[in-house]
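User: I have a model open and want to learn how to read it. Can you take me through it feature by feature?

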Amino acid sequence: MAQSVNITELNLPQLEMLKNQLDQMYVPGKLHDVEHVLIDVGTGYYVEKTAEDARDFFKRKIDFLTKQMEKIQPALQEKHAMKQAVMEMMSQKIQQLTALGAPQATAKA
């Protein structure tokens, strides 16, 4: 997103772009006013901003998301370690049950 806001540096009267349709399909379009852009601020709301204001908005959004990722990363690492411990424990239990079941199967035969 942030890279696409550098449109004022191109100085083109019309800029080709892809317009989001139905959240999955993009169709070609042209941007006629490169000084003012509509940006999606979330939950279906759009705000008209100048290209410079849009750059600032995306920089703040990237900074915010980066900080949030840094906050949750330790918790995710801890949960991953817990998952690994559970997987190892289950593997050991399965091996124990398999080892116990094998002698019983040969004894019945």
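Analyst: We start with confidence, then go on to fold, surface and side-chain pairs. Keep in mind that this model is predicted.

User: What is the mean pLDDT of the chain?

Analyst: pLDDT is the predictor's confidence in each residue, from 0 to 100. Here the chain averages 80, and 69% of its residues reach 70 or more. Residues 7–13 fall below 50. Beyond near neighbours in sequence, that stretch has twelve contacts in the model.

User: Next, the fold. Which elements does the chain have, and how do they run?

Analyst: Read them from the N terminus on: β-β-β-β-α. That is four strands and one helix. Helix α1 covers residues 51–108.

User: How many of the contacts join residues at least 24 apart?

Analyst: Take the contacts between residues at least 6 apart in sequence. Of these, 22% join residues at least 24 apart.

User: And the surface? What share of the chain counts as buried?

Analyst: Buried means under 20% relative accessible area. By that cut-off, 11% of the 109 residues are buried. The chain exposes about 9,400 Å², and carbon and sulfur atoms supply 61% of this area.

User: Now side chains. How many salt bridges does the structure hold?

Analyst: Look for a Lys or Arg side-chain nitrogen within 4 Å of a carboxyl oxygen of Asp or Glu. The structure holds two such bridges. One joins Arg55 to Glu52, at 2.7 Å from N to O. In the other, Lys59 meets Asp63, with their closest N and O atoms 3.2 Å apart.

User: Where do Arg55 and Glu52 lie?

Analyst: Both are in helix α1, three residues apart, about one turn of the helix. Glu52 is partly exposed, at 45% relative accessible area.

User: Why are Lys59 and Asp63 separated by about one helical turn?

Analyst: Because they sit four residues apart in helix α1. Is each one exposed or partly exposed? Lys59 counts as exposed, because its relative accessibility is 52% and the cut-off is over 50%. Asp63, at 34%, is partly exposed.

User: Last, the aromatic rings. Which residues form an aromatic pair?

Analyst: Ring centres must lie within 6.5 Å to pair. The count comes to one aromatic pair. Phe57 and Phe58 form it, 5.4 Å centre to centre. Their planes are 70° apart, which makes the pair edge-to-face, as over 60 degrees is the cut-off.

User: Why does each Phe count as buried?

Analyst: Compare each value with the 20% cut-off. Phe57 counts as buried because its relative accessibility is 15%. Phe58 counts as buried too, because its value is 7%.

Conventions. Residues are numbered from 1 along each chain as its sequence is written. Side-chain values use heavy atoms; hydrogens and water are left out. Rings of Phe, Tyr and Trp (its six-membered ring) pair if their centres lie within 6.5 Å; planes under 30 degrees apart count as stacked, over 60 as edge-to-face and the rest as tilted. Buried means under 20% relative accessible area, exposed over 50%, partly exposed in between (1.4 Å probe, protein chains only). Helices (H or I, at least four residues) and strands (E, at least two) are DSSP runs, numbered from the N terminus. Contact means heavy atoms within 4.5 Å. Accessible areas come from the Shrake-Rupley method with a 1.4 Å probe; for residues, only the protein chains shown count as cover.
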